[in-house]
Amino acid sequence: MRGLHADTGYLLYRLGLRSGQLFNTFLQESGVRLRHYAVLRFLATCEGALQRELSARLGYDPSAIVGLVDDLEKLGFAERRPAPEDRRSRIVVLTEEGRAFLRDTDQAGRRVTDELLTPLEPAERDTLHTLLLRVAGNGLT
């Protein structure tokens with residue numbers, strides 16, 4: 001019988017957990033968790049998104065998105081605005097405070113990645129990233 005570490009899926013799962021723990025430890029002071037951070041990072045790539053789009057793109061339950069956006073609004077990092085094409089709908093947009101928060105977290109995010117990938121040489125890290133992008137492109141949005 002194969003051991004747990006012979007299963008690539010399990011290793012990815014464990015590394016994901018470890019990465020999340022490291023990142024949440026870093027984010028703890030700000031009142032933001034990794035799930036909030038993912039919403040902010042997604043919003044930084046667009047001019048706003050409907051909550052259902054956030055749910056679909058990030059893989060979070062729609063009810064979780066409502067709470068996450070509520071939290072981000074309280075922190076001043078995001079806000080709901082009328083959707084340009086349908087005034088009855090609301091889009092979530094990143095505020096300037098949210099952009100500043102993301103800029104402030106860039107270096108710390110790199111430190112988390114560096115700690116997680118310590119055993120790898122720079123070229124190996126690049127290769128891993130390229131391979132993960134390829135795998136993520138096969139079914140992850």
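**Close-up views of a predicted chain**

**View 1. The whole chain, as an overview.** Residues 24 or more positions apart account for 47% of the contacts (heavy atoms within 4.5 Å) in the chain that have a separation of 6 or more. This is a predicted model, in which local features need pLDDT of at least 70 and side-chain atom pairs count only at pLDDT 80 or more, while totals for chains, interfaces and linings use all residues. Residues are numbered from 1 along each chain as its sequence is written, and side-chain values use heavy atoms, with hydrogens and water left out. The secondary structure comes to six helices and three strands, where helices (H or I, at least four residues) and strands (E, at least two) are DSSP runs numbered from the N terminus. Read from the N terminus on, the elements follow the order α-α-β-α-α-β-β-α-α. Of the 141 residues in the chain, 28% are buried, a term that means under 20% relative accessible area, with exposed meaning over 50% and partly exposed in between (1.4 Å probe, protein chains only).

**View 2. The aromatic pair of Tyr10 and Tyr13.** The structure holds four aromatic pairs, and rings of Phe, Tyr and Trp (its six-membered ring) pair if their centres lie within 6.5 Å, with planes under 30 degrees apart counted as stacked, over 60 as edge-to-face and the rest as tilted. One of the pairs joins Tyr10 and Tyr13, which are tilted, with 6.3 Å from centre to centre and 40° between the planes. Both residues lie in helix H1 (residues 8–27), three residues apart, which is about one turn of the helix. Tyr10 is partly exposed, its relative accessible area being 22%.

**View 3. The aromatic pair of Phe23 and Tyr37.** Phe23 and Tyr37 form a tilted aromatic pair, with 4.8 Å from centre to centre and 45° between the planes. Phe23 lies in helix H1 and Tyr37 in helix H2 (residues 34–43), so the pair ties together parts that are 14 residues apart in sequence. Phe23 counts as buried at 8% relative accessibility, and Tyr37 also counts as buried, at 11%. Together with Phe26, these two residues form one aromatic cluster.

**View 4. The surroundings of Thr105.** Thr105 lies in helix H5 (residues 96–116) and is buried, with a relative accessible area of 2%. When its neighbours within four places in sequence are left aside, Thr105 is in contact with Phe26, Leu27, Tyr37 and Arg41.

**View 5. Arg35 and the ring of Tyr60.** The charged end of Arg35 sits over the ring of Tyr60, 4.1 Å from the ring centre. A charge sits over a ring if NZ of Lys or CZ of Arg is within 6 Å of the ring centre and within 35 degrees of the ring normal.

View 6. Three strands form an open sheet in the order S1-S3-S2, with antiparallel pairing, and two strands pair if DSSP finds at least two bridges between them. Strand S1 (49–50) and strand S2 (78–83) are the edge strands, each pairing on one side only. S2 and strand S3 (residues 86–94) pair in the antiparallel sense over six bridges, and the bridge partner of Pro82 in S3 is Arg90. H2 lies across S1, S2 and S3, running at about 105° to S3. Helix H4 (residues 62–75) packs on the sheet, where it touches S2 and S3, and its direction makes about 115° with that of S2. For these angles, axes are lines fitted to C-alpha atoms, for helices over the stretch in contact, and the angles run from 0 to 180 degrees between N-to-C directions.
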